[in-house]
Amino acid sequence: MADPMKIRAQMAGDKATVRVLMAHEMETGQRKDSAGNTIPAWYIQTVSAKHNDKPVMSAQWGPAVSKNPFLQFSLKGAKAGDKVAITWTDNKGDTRTDEAVVS
Amino acid sequence: MKAWKAAPLLGALAIAGAAWSQGKSAADGIAEYRKMLEDGNPAELFEAKGEKLWKTQRGPKNATLEQCDLGKGPGVVKGAWVELPRYFADTKRVQDLESRLLTCMETLQGLNAADIAKAPFGRGEQANMDALAAYISAASNGMKMNLPQAHRDEKVMYELGKRAFYFRGGPMDFSCASCHEGSGKRVRLQDLPDLTKNPGDGIGFAAWPAYRVSSGELWTMQRRLNDCYRQQRFPYPGYASDVTIALGVYMGVNAKGAESIAPSIKR
């Protein structure tokens, strides 16, 4: 089971700024370990965001994204108290969803 | 927990771009790069993991670390980091955060401290140490370094640390002081802090533990010192050994009054 994400959603004017930190190895599949064996690729492929159960963003990621990635976007039409849910799925089929409340 | 800055990331990028064109020094550029990264410091992921570990029953004795005395009484985490290393009456030793955690893990949880100290960095129980260090140092974020020097052994360790700091040796005839005494020194583009005095808020001793972006790891002061010894081509010091603790006392006492920004973020 993957470690939890850290999500902050704060109102800034009429939009909410959402900041997400994800705990993930993001292994490219290009590196070798000390024994010379290729370390298998293991990275997040899709990220999606929901605002009160309504999909507002989806992204396709690849091995070029860093380890423990940080994502930030602004959300129009959000109000304090709204829910923001982020979901990622990696190439091993592992997935994780975390939720935050807009403040 | 660190307060997240309200300024949008794109705004910071635009400012940095404008600043570059006005002829900024490389050091200013690095400082701005760090500022931009602060908003999404993955050290927070380690903090969350460490907090959970602190409160989880583990080891043969199936106990949490919540009764661990880090110098401010059993279970007190806030403010402990900025007063470490310090003398502990129960072990009759001056201990830094990592060696104190080893003591707690052994006495409270029944884990084998010697095995943990020997384990490679960043794996198994050592990875747990990193997370715990992130959590404990974060609880003192923004506080000023204030190491005690009242006990005789604390003064002895300061003197020992000073000697270790100036001890020259190895194939390159280096000492810590070769790089970290005097101002304006650098390795490539990295400015080196003067560790013989207070180098300023959030610089040197007051900046560790830190998340290193280049390796995606969280480094404690023990690991930082281990790497300093590697760069000097010295033999590796033992994990949580007296010489590493003495250097911690020396740097920490010199940095008195500096604001701790741990866990910080490094390139």
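Which exposed residues does the face of α7(B) turned away from its buried side carry? Keep that in mind while we look at the helix. One caution before we start: this is a predicted model.

So, helix α7 of chain B. It runs over residues 152–166. Let's check its length. The helix has 15 residues, and at 1.5 Å a residue they should span 21 Å. The end C-alpha atoms of α7(B) are 22 Å apart, which agrees.

Now the sides of this helix. B:Met157, B:Tyr158 and B:Gly161 are buried in α7(B). These three cover an arc of only 105° around the axis, which puts them on the same side of α7(B). What do the buried residues of α7(B) pack against? They pack against β2 (93–95) and α10 of chain B. And here is the reply to my opening question. The face turned away from the buried side carries B:Arg152 and B:Glu159, both exposed.

Stay with α10 of chain B. This helix covers residues 242–254. Its axis and that of α7(B) come within 7 Å and cross at roughly 95°. An angle of 65 to 115 degrees counts as roughly perpendicular. The two helices are therefore roughly perpendicular to each other.

Who meets whom? From α7(B), the residues in the contact include B:Met157, B:Tyr158 and B:Gly161. From α10(B), they include B:Ile245, B:Leu247 and B:Tyr250. By class, this contact of α7(B) with α10(B) has 12 nonpolar, 1 polar and 2 charged residues.

Next, another helix pair in chain B. Helix α3 is residues 43–54, and helix α6 is residues 125–138. At what angle do their axes cross? Roughly 100°, and the axes come within 7 Å. That makes α3(B) roughly perpendicular to α6(B). Look at the contact residues. Among them are B:Phe46, B:Leu53 and B:Trp54 in α3(B). On the α6(B) side, B:Leu132 and B:Tyr135 are among them. The residues of this contact divide into 9 nonpolar, 2 polar and 4 charged.

Last stop: chain A against chain B. How many residues does the contact take from each chain? It takes 13 from chain A and 12 from chain B. On chain A, the elements that give two or more residues to the side touching chain B are β1 (6–12), β2 (15–21) and β5 (70–76). By class, that side of chain A has 5 nonpolar, 3 polar and 5 charged residues.

To recap α7(B): buried B:Met157, B:Tyr158 and B:Gly161, and exposed B:Arg152 and B:Glu159 on the face turned away.

How values were computed: Residues are numbered from 1 along each chain as its sequence is written. Chains are lettered from A and ligands numbered from 1 in the order in which they are written. This is a predicted model: local features need pLDDT of at least 70, side-chain atom pairs count only at pLDDT 80 or more; totals for chains, interfaces and linings use all residues. Axes are lines fitted to C-alpha atoms, for helices over the stretch in contact, and angles run from 0 to 180 degrees between N-to-C directions. Helices (H or I, at least four residues) and strands (E, at least two) are DSSP runs, numbered from the N terminus. Angles under 35 degrees count as roughly parallel, over 145 as roughly antiparallel, 65 to 115 as roughly perpendicular and the rest as oblique. Two residues are in contact if their C-beta atoms, placed from the backbone, lie within 7 Å. Ala, Val, Leu, Ile, Met, Phe, Trp, Tyr, Cys and Pro count as nonpolar, Asp, Glu, Lys and Arg as charged, and the others, Gly among them, as polar. The expected span of a helix is 1.5 Å times one less than its number of residues. A residue is buried if 20 or more other C-beta atoms lie within 10 Å of its own, exposed if 12 or fewer, and partly exposed in between; C-beta atoms are placed from the backbone. The arc is that of the directions from the helix axis to the C-beta atoms.
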